Structures are given as structure tokens and as C-alpha cells.
Amino acid sequence: MGTAARTSALASSGPSVAVALGGGGARGLAHLAVLDVLEREGIRPSYIAGTSIGGLVGALWATALPVDAIIHAARRFRLPGRFLPGRALVWDKIFASAVPLLVDRTFESLATPLIVAAVDLHTGEDVALDSGPLLPAVRATCAIPGAIDPERIGGHCLVDGGVTNVLPVDLAWSSHPDVVIAVNILGQPAPSLRLDSLFCRAASRLGRIGPNPWTAYYSYGIAMRAVDIALNRQRSMAVAMTGPEVLIDIDLGDVSVGDFHRLDEVLDIGRRATHAALPRVKAALADGPQPRERPDAEMSLHIDPVCRMTVSSGRARGRIERDGVTYYFCSTNCRDAFERYGDRYCTQPRNDR
């Protein structure tokens, strides 16, 4: 792991803090407010794990650029004025202002160690990126399937890490921190898709006759609403299974994933939510480091063979020795499933990476 070896040096004084930043499109710009408030309070993360927009915000922050410079760049993030289903988006155009800030950087050059999540389309495996050129990795973690082309890195065909890991608390544990702070982006916008509207009824009928752009747009709206529901459920499960010390909920109401023009509103809500969570953050830090297993040298990531979640050996809820291999589990449920159906899960690839 390229960044893990540097973590202990950066966190030599006081408890080490890892921050997990999840996906959410424009909503995820609230992560910037969280990091800004924490630093102003003297809480500088020693490790950042990010997925999708959380990976982008984490990367910009990890360069040690002034927060005003990052906000200035974020003001120019924009989706196309009109997005039609079937149109391919170009990451470098949506986030054009971020490209010059990241293009010549590597993970190894960052002021704060960073790891970002992606998914290999061919194998279905989670891929954790924390070494080498930074910009391709950020493109990969933000590559929304069906909208932005996959990023090819080291033989992998990578798409948005939010497909399987929308809030990467498990990757935050990979640095063996004393405290993990996870940022949970919430949004329950009023459904823009009115299934009983005249347009939706007409689009549905037209689709029975033949392909047309109106039905494509209607179907796209249904698919995106279903994805939003699935990601919300996945986010809740990730928090329940990994148990960060502090969870900062940021409720952005009707801010949609494409509302980059509402940056100031998003930042304001993010700052207020973080200030409200500060007593819990400080209490967790005051508890001090807890006795846990810590590797003496650079650690490896373990993959729970049941749910495929990344597991830190020091935070694993269970472990089993089988045929000379130690398997680590994110929860007792996964451990118990392995005990009952181990042969099924042992056919999957080796659980370290």
C-alpha cells in the first residue's frame, strides 16, 4: 500500500483520525465544509478514504491547497445544461477546474494519505487505489456507469466506487486509525418523476410502439430513482456494519446530485452539521487510542469473503483459520455464514490485496 506506510509519521502526536467521504454528486461538496471545520478546530485528518465525489474532494484536500482555492475550483463544476439518456459525459469537462490541480500529482506526493474506491467492471471486484498517478484514480472513482466512460488502470476497467461502496468506512479502517469519522450525505428531494403525470403516461404508451427519446427520458428517471434508493440502503448498511466512532449526518434536503450551482448552500449546511457534531468528535478523540492489533510494518487489506467488504485486521468482528489462511470478517453475521457455507466462499479469489 503506497500511503499506509506514511500514515504513522503524519499521526505521531495525538490520536490518529481517518475520515470517510462518500458519494452523492453535488451533495458531496459538503465534504469540503466538514474538512474545513475540522481543521479550523485543530483536527487534521491523518488519512482520507473517498468514493466518487468524496474521492475528488478528498484528493483536492489532500494536496494541501488552501480551502478558498478548492472552493473557487468547485464553483466551476458543471453538468451539461441538457443531459439526454445515451449521451456520454466527459469527466474532464464536468470537473475541468480540478484537472490542473491534480494532473501532475501522485498519491505519494500528497500531504495527507488518500485511498479511493473503484469497481472493476470485468471481475466485479472492489479496487482500492492509493498509489501512482492521482488524476486517473479520481476519474475512476467518479466514473458513473452508463454516463462516464470507465477508466482503465493497470489492467482494470474501473467505474464509480459507489456501485459497491458508497461510504468507504472500511477503507478508512485500513490505516488502523484511532478514530474514524464518516460523513453521511442525506438527501430526500421531492420526486421529480411523477408517474401519474400526462407526460409519463404518454411516454410509457409511446414506448410500447417503438423507441423514442421521451420514453428513454422517462425510463432514465425511473432507473436513477431506483439507484438513489439502493445507494441510500447501501450507505445505511455500511454504517451499521463498520461502526465509525463518529457519524456526521448532513441532510441536504432537495439538493440534487447535479445541483453544483448550489455550492454555497451545500457548504453552509455542511458547516452547521459539522459544528453540531463537534462535541461527539472531541469526545471520541478524548477517549484516546484503544488497545487494538496494529501491524508493525506496512499492512495489507483483507477482504471479507462473504460480503466482499474491505476489513482491517485490527477492527475485524471475527476471524477464522482455514487451510492455513486467516479470513477476516466485517461482522459476526458474515463470520457465521462462512462457518456454515465456507466452501461456497472459498471458491472466490484470495482475500488479501
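This is a predicted model: local features need pLDDT of at least 70, side-chain atom pairs count only at pLDDT 80 or more; totals for chains, interfaces and linings use all residues.
User: Okay, salt bridges first. How many does a search of the whole structure find?

Analyst: The general idea is that side chains of opposite charge can pair when their charged atoms come close. The rule here is a Lys or Arg side-chain nitrogen within 4 Å of an Asp or Glu carboxyl oxygen. Searching the whole structure that way turns up 13 salt bridges. Take R272 and D268: their closest N and O atoms are 3.1 Å apart. Both residues sit in helix α11 (residues 263–286), and they are four residues apart, so about one helical turn separates them.

User: And D268, is it buried or exposed, or in between?

Analyst: Read that from relative accessible area: buried is under 20%, exposed is over 50%, and partly exposed is in between (1.4 Å probe, protein chains only). D268 comes out at 38%, so it counts as partly exposed.

User: Which salt bridge links distant parts of the chain?

Analyst: Look at R139 and E151, whose side chains meet with an N to O distance of 3.5 Å. E151 has 16% relative accessibility, so it counts as buried.

Then there's R335 with D336, paired at 3.1 Å, N to O. R335 is partly exposed at 25%, and D336 is partly exposed too, at 24%. Elsewhere, salt bridges with shared partners tie D254, D259, R262 and E265 into one network.

User: Next, helix packing. How do α2 and α4 lie relative to each other?

Analyst: Under 35 degrees is roughly parallel, over 145 roughly antiparallel, 65 to 115 roughly perpendicular, and the rest oblique. The axes of α2 (residues 30–40) and α4 (residues 67–74) come within 11 Å and cross at roughly 170°, so the two helices are roughly antiparallel. Contact (heavy atoms within 4.5 Å) is made by L32, D36 and R40 of α2 with V67, I70 and I71 of α4.

User: Which residues make the nonpolar surface patch?

Analyst: F199, L206, I209, W214 and Y217 make a patch of about 570 Å². Patch members have over 30% relative accessible area and no salt bridge; nonpolar side chains (Val, Leu, Ile, Met, Phe, Trp, Tyr) are joined within 5 Å, like charges within 9 Å. Areas are Shrake-Rupley values with a 1.4 Å probe, and for residues only the protein chains shown count as cover. Helix α9 (198–209) gives the most, with three residues. Y217, from helix α10, is partly exposed at 44%.

User: Last one: where is A64, with its positive phi?

Analyst: A64 has a phi of about 70° although it isn't a glycine. You'll find A64 in the loop between α3 (53–62) and α4, partly exposed at 49%. D323 is another non-glycine with positive phi, about 55°. D323 lies in the loop between β11 (318–322) and β12 (325–329), and at 74% it counts as exposed.

Definitions and conventions. Residues are numbered from 1 along each chain as its sequence is written. Side-chain values use heavy atoms; hydrogens and water are left out. Axes are lines fitted to C-alpha atoms, for helices over the stretch in contact, and angles run from 0 to 180 degrees between N-to-C directions.
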